[in-house]
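This briefing looks at how a helical chain arranges its charged side chains. Please have the sequence and the model open as you read.

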Amino acid sequence: MTKINDGGPAFPSDRADREGMSLRDWFAGSASESDILRHQSKLRINNNCIYSPEECRYAYADAMLKARSANE
């Protein structure tokens, strides 16, 4: 099983006992409804499946992380 790239911590801390929210979770939670609907339509067209809003949030977050790593 491959590990999902979570982008590391969204809010890095200098304390080792506080890992916090991942960047993937931050991107997923920050996606607007229009972002999700647009991504849901794109996924449906490409895969001919219906995805839940939650699945689309994380697919959107994964796309954001991919775009971010392409620019590094």
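Is R38 buried or exposed? R38 is exposed, with a relative accessible area of 54%, where exposed means over 50%, buried under 20% and partly exposed in between (1.4 Å probe, protein chains only). This is a predicted model, in which local features need pLDDT of at least 70 and side-chain atom pairs count only at pLDDT 80 or more, while totals for chains, interfaces and linings use all residues. Residues are numbered from 1 along each chain as its sequence is written, and side-chain values use heavy atoms, with hydrogens and water left out.

**Overall build**
- The protein has three helices and zero strands, where helices (H or I, at least four residues) and strands (E, at least two) are DSSP runs, numbered from the N terminus.
- Of the 72 residues, 24% count as buried.

**Salt bridges between helices**
- The structure holds three salt bridges, each defined as a side-chain nitrogen of Lys or Arg within 4 Å of a carboxyl oxygen of Asp or Glu.
- D62 pairs with R24, their closest N and O atoms being 2.5 Å apart, and this links helix 3 (residues 53-70) to helix 1 (residues 23-30) across 38 residues.
- D62 is partly exposed at 31% relative accessible area, whereas R24 is buried at 14%.
- E33 and R57 form a salt bridge at 3.0 Å, N to O, which joins helix 2 (residues 33-47) to helix 3.
- E33 is exposed at 52%, while R57 counts as buried at 17%.

- D35 and R38 meet at 2.7 Å, N to O, and lie three residues apart in helix 2, about one turn of the helix.
- D35 is buried, with a relative accessible area of 15%.
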